[in-house]
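Subject: Structure handover

Hi there,

Here is the structure I promised to pass on. Have a look at it first, and then read on for what turned up.

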Amino acid sequence: LAERHERPLAGVFTRWYAALRIATTGPEEAAEAAYRDAAVRLEGCGMPGLEHGLPPLALLSLRVLHRRPARTGEDADWGPYEPWARPLVLLAEGRRTAAAAALRDVPEPPRDLLSEALWCLTAPAAIAVGDRETMERAQAELSPAAAELSAGSGLLTVGPVSRHLDDLAAALHIPSSPKTS
């Protein structure tokens with residue numbers, strides 16, 4: 001349909017959504033391959049906020065979803081998402097003090113479709129460095145979305161928001177919120 005109606009961006013978004021679905025249901029390797037394939041479609045698409053930053057952000061989100069550290073040693077183009085990725089990359093490099101400093105510089109995520117995902121990336125970094133203030137902010141921001149998948153963008157996911165809230169509650173030594181169905 002995208003080709004027939006000369007709407008090439010429709011194919012970009014459907015490919016990314018398909019990768020997101022694989023990330024939520026399939027093995028990590030298949031999801032990574034799907035994200036890498038979807039990333040190829042971004043080249044020259046005219047959306048710099050996606051073309052520059054989204055591919056490595058999706059792969060980082062997938063690693064956090066599977067509770068694995070960020071990849072290191074890669075020259076990733078984080079684009080506008082660099083502040084949220086940096087603490088996790090520094091932690092993966094074993095640079096906890098630098099990660100804590102980077103986390104203090106992380107801005108509030110923009111109130112857009114990636115807001116929850118960016119908070120879901122901020123939360124494990126805050127937990128790892130013991131930044132109680134940031135943990136509390138993440139918890140407050142994520143609580144309204146407790147029953148949702150962190151996939152508001154339809155492009156990537158960091159998994160169920162409830163899982164991140166449970167991790168935050170455990171780190172903050174407070175009871176978890178009841179599960180919603």
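Let me begin with the lining of the largest pocket: by class, it has 11 nonpolar, one polar and four charged residues. Here Ala, Val, Leu, Ile, Met, Phe, Trp, Tyr, Cys and Pro count as nonpolar, Asp, Glu, Lys and Arg as charged, and the others, Gly among them, as polar.

Before going further, a note on the source: this is a predicted model, where local features need pLDDT of at least 70 and side-chain atom pairs count only at pLDDT 80 or more, while totals for chains, interfaces and linings use all residues. Residues are numbered from 1 along each chain as its sequence is written, and side-chain values use heavy atoms, with hydrogens and water left out.

**The largest pocket**

A pocket is an open set of points on a 1 Å grid over the protein atoms alone where a 1.4 Å probe fits, with protein on both sides within 12 Å along at least five of seven lines; its lining residues have an atom within 4 Å of a point. The largest one holds about 260 Å³ of space, the volume being the space filled by probe spheres set on the points, which are joined across faces, edges and corners. Of its 16 lining residues, Val-64, Arg-67, Arg-68, Leu-88 and Pro-124 lie nearest the centre. At least two lining residues come from each of α5 (82-92), α7 (115-129) and α9 (161-172), and α7 gives the largest share, with five.

**The second largest pocket**

About 160 Å³ of space lies here. The lining has 13 residues, with Pro-55, Pro-56, Leu-59, Ala-76 and Asp-77 nearest the centre. Two or more of the lining residues come from each of α2 (28-40) and α4 (54-65). By class, this lining has six nonpolar, two polar and five charged residues.

**The chain as a whole**

The chain has nine helices and zero strands, taken as DSSP runs numbered from the N terminus (helices H or I, at least four residues; strands E, at least two). Its radius of gyration is 16 Å, close to the 16 Å that the globule rule gives for 181 residues, so the chain is as compact as a globular protein of that length. That radius is taken over C-alpha atoms, and the rule is 2.2 Å times the number of residues to the power 0.38. Along the principal axes, the C-alpha atoms fill a box of roughly 55 × 40 × 30 Å.

Best wishes
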